[in-house]
Amino acid sequence: MSERAPDAQRGETTLILSLKHGGTHEVRLRWETRGAAHLPVVAVLGGISANRHVAASHAYPERGWFEAQADARWLAAHRVVSFDWVGSDGALDAPIDTVDQAAALAAVLDVLGIDTLDAIIGCSYGAMVGLAFATAHPARVQHLIAIAGAHRPHPFASAWRALQRNVVALGQLQCDEAQGLSLARQLALLSYRTPEEFGVRFDATPILESGSARCASEAWLAERGAAWAQKTSATAFVRLSESIDLHDLLPSHVRVPTTLVAFAEDRLVPPDDIRALAAGIAAPVRLQVLHSPYGHDGFLKEPEAIAQVLARALDCCEEACA
């Protein structure tokens with residue numbers, strides 16, 4: 001990795017948050033900034049399993065969830081703000097909407113003394129939250145970059161997530177919550193990726209092991225599921241999964257210049273949904289459709305293509321704001 005950020009800082013604050021669907025609750029917001037204070041500010045938001053740690057710095061050298069962008073020019077040129085999702089610690093057992101996350105982001109910016117973001121970079125769930133923020137606080141963001149996220153969930157994807165939540169509930173009934181979470185994560189991984197990737201990566205004849213057939217992908221899926229279950233609470237997973245399905249915004253309410261990115265092979269957020277979003281946004285909009293054998297996970301697995309998209313979008317934003 002290239003030279004790390006000159007500085008980074010973490011903080012926490014308590015907020016009384018009125019949830020759209022779940023009443024009023026006291027929540028703890030945990031945030032991180034990366035990069036010098038004088039740089040243009042971008043909020044970077046990931047999927048439901050992402051957190052406030054975007055990429056490594058001197059202060060926090062562990063790998064971040066967006067570490068694939070650590071060498072990208074845009075990252076070094078900006079001060080990055082991110083936060084742990086409301087509900088990600090499992091302490092809040094109530095319905096959470098993307099508009100609640102947008103309110104939390106606004107509160108973090110208030111604490112940091114940031115009036116306006118140069119941009120929001122949102123990926124997957126983060127793209128949904130970015131759209132919610134642009135709808136609720138259009139004066140506080142100059143450009144929205146939404147990758148693999150739309151104004152509403154696709155019914156097929158919602159059905160997939162409902163099955164995952166039912167698997168978690170079944171694991172709890174069987175007094176094996178960890179196994180339920182592991183299986184739910186494995187189902188999720190299948191929706192994030194594509195048959196094309198599995199056709200190349202796991203193209204091997206199933207074997208018999210202790211009298212049972214095992215396919216080539218089972219060990220990889222089980223390992224990933226178990227690792228995820230060790231660090232995730234059932235409450236956090238269920239509530240954040242629900243939050244994706246509760247997300248519902250009118251494209252015409254987005255009045256911020258927007259860059260949209262879709263992946264042609266994405267089965268969770270089909271390109272047609274993002275095209276519909278682009279057609280309805282009441283501001284200048286640019287849509288780019290990328291190809292990736294990783295499908296929805298292309299925002300993590302295609303670092304060069306994503307870096308180019310981000311550099312171009314942020315350069316255009318800076319030129320417009322100059």
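Strands are DSSP runs of E, at least two residues long, numbered from the N terminus. Thr 13 lies in one of them, strand S1, which covers residues 8-19. The model is predicted. Its protein chain holds 11 helices and 10 strands. The radius of gyration is 19 Å, close to the 20 Å that the globule rule gives for 322 residues, so the chain is as compact as a globular protein of that length.

**Overall build**
- Along the principal axes, the C-alpha atoms of the protein chain fill a box of roughly 70 × 40 × 40 Å.
- Of the 322 residues, 53% count as buried.
- Take the contacts between residues at least 6 apart in sequence: 75% of them join residues at least 24 apart.

- Thr 13 has a relative accessible area of 18%, so it counts as buried, because the cut-off for buried is under 20%.
- Beyond its neighbours within four places in sequence, Thr 13 is in contact with Val 27, Arg 28, Leu 29 and Val 111.

**Helix H3**
- Helix H3 runs over residues 125-136. At 1.5 Å a residue, its 12 residues should span 16 Å, and the end C-alpha atoms are 17 Å apart, which agrees.
- H3 is mostly covered, with 10 of its 12 residues buried.
- The buried residues include Tyr 125, Met 128, Val 129, Leu 131 and Phe 133. Gly 126 and Gly 130 are buried too.
- Three strands are among the packing partners of these buried residues: S3 (41-45), S5 (119-123) and S6 (144-147).
- Helices H2 (98-112), H8 (234-246) and H9 (271-280) also pack against the buried residues of H3.

**Nonpolar cores**
- In soluble globular proteins, nonpolar side chains tend to be buried together.
- The largest nonpolar core here has 61 residues. Phe 83, Leu 105, Leu 117, Ile 120, Tyr 125 and Phe 133 touch the most other members.
- Tyr 125 and Phe 133 are also among the buried residues of H3.
- Phe 83 touches Arg 30, Trp 31, Leu 45, Asn 51, Arg 52, Gln 101, Ala 104, Leu 105 and Val 108, leaving out residues up to four places away in sequence.

**Aromatic pairs**
- The structure holds 9 aromatic pairs.
- The ring centres of Phe 156 and Trp 160 are 5.3 Å apart and the planes stand at 85°, so this pair is edge-to-face.
- Both residues lie in helix H4 (residues 155-173), 4 residues apart, about one turn of the helix.
- Phe 156 is partly exposed, at 47% relative accessibility. Trp 160 is buried, at 15%.
- Trp 228 and Phe 237 also pair edge-to-face, with ring centres 5.3 Å apart and planes at 90°.
- Trp 228 is buried, with a relative accessible area of 6%. Phe 237 is buried at 5%.
- Trp 65, Phe 66 and Trp 74 are linked by ring pairs into a cluster.

**Charges over rings**
- Arg 10 places its charged end over the ring of Tyr 60, 3.8 Å from the ring centre.
- Lys 301 lies over the face of Tyr 294, at 5.2 Å from the ring centre.

Definitions and conventions
Residues numbered from 1 in each chain as written. Predicted model: local features only at pLDDT ≥ 70, side-chain atom pairs only at ≥ 80, totals over all residues. Heavy atoms only, no water. Expected span 1.5 Å × (residues − 1). Buried < 20%, exposed > 50% of the residue type's maximum accessible area, 1.4 Å probe, protein only. Contact = heavy atoms within 4.5 Å. Phe/Tyr/Trp six-rings, centres within 6.5 Å; stacked < 30°, edge-to-face > 60°. Lys NZ or Arg CZ within 6 Å of the ring centre and 35° of its normal. Core = buried A, V, L, I, M, F, W, Y, C linked by side-chain atoms within 4.5 Å. Rg over C-alpha atoms; globule rule 2.2 N^0.38 Å.
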